[in-house]
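Good morning, colleagues. Please look at the sequence and the model on the screen while I take you through its charged pairs and one of its helices.

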Amino acid sequence: MRNTISDEKVSEKIAAGDKKKVEDAIEQAINWLDANQLAEVDEFEDKMKELEGICNPIIAKMYQGGGGVPDATTASAGAPPAGGASSGAGPKIEEVD
């Protein structure tokens, strides 16, 4: 989440107040983790849900308002061509009886 917020493309689309709110929540969560390394799994999960409760609405608002953040991994870049092996790429497999 910290890396997402610090990304320029994302940072441009988030209001300064929302960005500060997310950064503060992340910092508090990291401080809690440092101080509670021996906590139970339930406590870790509760803390993660708390952080998600703060961050997810802000990120969702960003994607809804800005039409999404362009990202090479979500585009068709690097995707295999439509049609699979029938397009001539790759080996042919024949059935043998």
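Which side chain meets that of Arg 2 in a salt bridge? The partner is Glu 27, at 3.6 Å from N to O; a salt bridge here is a side-chain nitrogen of Lys or Arg within 4 Å of a carboxyl oxygen of Asp or Glu. The pair links distant parts of the chain, with Arg 2 in helix α1 (residues 2-6) and Glu 27 in helix α3, 25 residues apart. Helices are DSSP runs of H or I, at least four residues, numbered from the N terminus.

Let me state the basis. This is a predicted model, in which local features need pLDDT of at least 70 and side-chain atom pairs count only at pLDDT 80 or more, while totals for chains, interfaces and linings use all residues. Residues are numbered from 1 along each chain as its sequence is written, and side-chain values use heavy atoms, leaving out hydrogens and water.

By this rule there are 4 salt bridges. In another of them, Lys 61 meets Asp 18 at 2.8 Å, N to O. Lys 61 belongs to helix α4 (residues 41-66) and Asp 18 to helix α3, so the pair ties together parts 43 residues apart in sequence. Asp 18 is buried, at 17% relative accessible area, whereas Lys 61 is partly exposed at 49%; buried means under 20%, exposed over 50%, and partly exposed in between, with a 1.4 Å probe and protein chains only.

Methods:
Helix = DSSP H or I, 4+ residues; strand = E, 2+ residues; numbered from the N terminus.
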